[in-house]
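Below is a short briefing on helix packing. The structure comes first, then the notes.

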Amino acid sequence: MKKEAIIAIQNLLATPKKIAIIPHRSPDGDAMGSTLALYHFLLKSKHQAVVISPNEFPNFLAWLPGSETILIYENDKDNCSRILNEAEVVFTLDFNALHRTGEMEQVLSKLSVPMIMIDHHQKPDNYAEFIYSDPNFGSTCEMIYNFIGFLGKKELIDKTIATCIYTGITTDSGSFRFPSTTSTTHRIVADLIDLGINNSEIHNLLFDDNSYNRLQLLGRALQNMKVFPEYKTSYTSLTQKELDEFHYEKGDTEGVVNYGLSIKGIHFAAIFIEHRDENIIKISFRSQGSFDVNQFAREHFNGGGHINAAGGKSYDTMKNTLNKFEDLISKITI
């Protein structure tokens with residue numbers, strides 16, 4: 001961040017404020033970790049802070065300290081709207097376009113208070129007064145660690161805040177496997193471990209606390225996988241009927257797309273998941289190497305993200321969406 005912006009934010013936060021913290025819709029580990037880390041930091045700084053999520057977060061993140069305080073906009077629109085309208089500062093974390101908040105955009109777009117964006121995705125919109133945006137970071141949680149340092153308050157990072165930050169770094173780095181993991185990432189993690197986090201326990205809570213139904217759903221996703229060696233691509237899909245059959249809960253398909261990418265010779269993987277309640281096919285893309293799934297998602301599936309990890313959506317049928325995808329991969333070089 002520029003020095004002028006840091007000084008302005010320091011002045012803005014010099015006295016106690018009512019502050020709202022917003023993650024993107026369907027928050028993942030980085031969105032949850034960054035918002036809760038900032039929430040605990042602001043409480044320690046004597047502010048009145050509240051996290052408002054556009055919709056429910058996955059059950060596998062419900063152990064995060066402070067998650068029980070999160071307000072869900074879809075469940076209580078009037079109260080959440082009131083809090084947003086009374087806020088003196090609004091932080092938006094792990095997204096850079098207000099439409100990523102779904103219906104909340106209608107309220108957020110009308111606010112006149114200072115907004116502070118902290119995010120690591122490409123091509124940010126210009127809605128915030130203060131923008132800390134850098135796609136070179138592997139996670140927004142890394143940026144929250146830096147942001148607290150920018151404010152000269154690094155000594156306030158305790159085990160609770162460190163736990164939240166580590167969660168986002170771990171999930172968005174693919175457990176430190178993705179190319180965006182740098183030596184700086186590991187130095188930050190070393191500091192977090194020194195602050196007392198139980199990194200082994202956090203990893204178990206994130207990845208090893210499976211239900212029987214979740215494993216059965218994974219099995220079906222693997223059965224549905226199609227592989228195209230000639231295009232270095234694989235994909236799988238799950239229909240609403242299959243989600244219902246295995247009693248799907250939010251978060252149950254987290255990380256499934258990476259199984260396709262783990263196949264020898266595959267550089268591009270996708271998963272297509274039908275959500276009839278939203279009349280949408282949600283898509284996750286992953287790649288390794290130089291193939292830019294962010295650009296692919298933006299051009300073809302109303303999405304975006306990072307070079308090696310992106311999301312998209314389709315309003316067509318599952319059959320037509322998959323046919324479109326197969327046609328596209330036959331015409332591009334991966």
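A crossing of two helices is called left-handed if the near helix is turned anticlockwise from the far one by less than a right angle, and right-handed if clockwise. The model is predicted, so local features need pLDDT of at least 70 and side-chain atom pairs count only at pLDDT 80 or more, while totals for chains, interfaces and linings use all residues. Residues are numbered from 1 along each chain as its sequence is written, and side-chain values use heavy atoms, without hydrogens and water.

**α2 and α5**
- α2 passes α5 in a right-handed crossing.
- In contact (heavy atoms within 4.5 Å) are D30, G33, S34, A37, L38 and F41 of α2 with T140, C141, I144, F147 and I148 of α5.
- These residues comprise seven nonpolar, three polar and one charged (Ala, Val, Leu, Ile, Met, Phe, Trp, Tyr, Cys and Pro count as nonpolar, Asp, Glu, Lys and Arg as charged, and the others, Gly among them, as polar).

**α6 and α7**
- The left-handed crossing is that of α6 and α7.
- A162, I165, Y166 and I169 of α6 meet T185, I188, V189 and L192 of α7.
- This contact has seven nonpolar, one polar and no charged residues.

**α1**
- Helix α1 (residues 3–12) has A5, I6, I9 and L12 buried (under 20% relative accessible area; exposed is over 50%, partly exposed in between, with a 1.4 Å probe and protein chains only).

Notes: Helix = DSSP H or I, 4+ residues; strand = E, 2+ residues; numbered from the N terminus.
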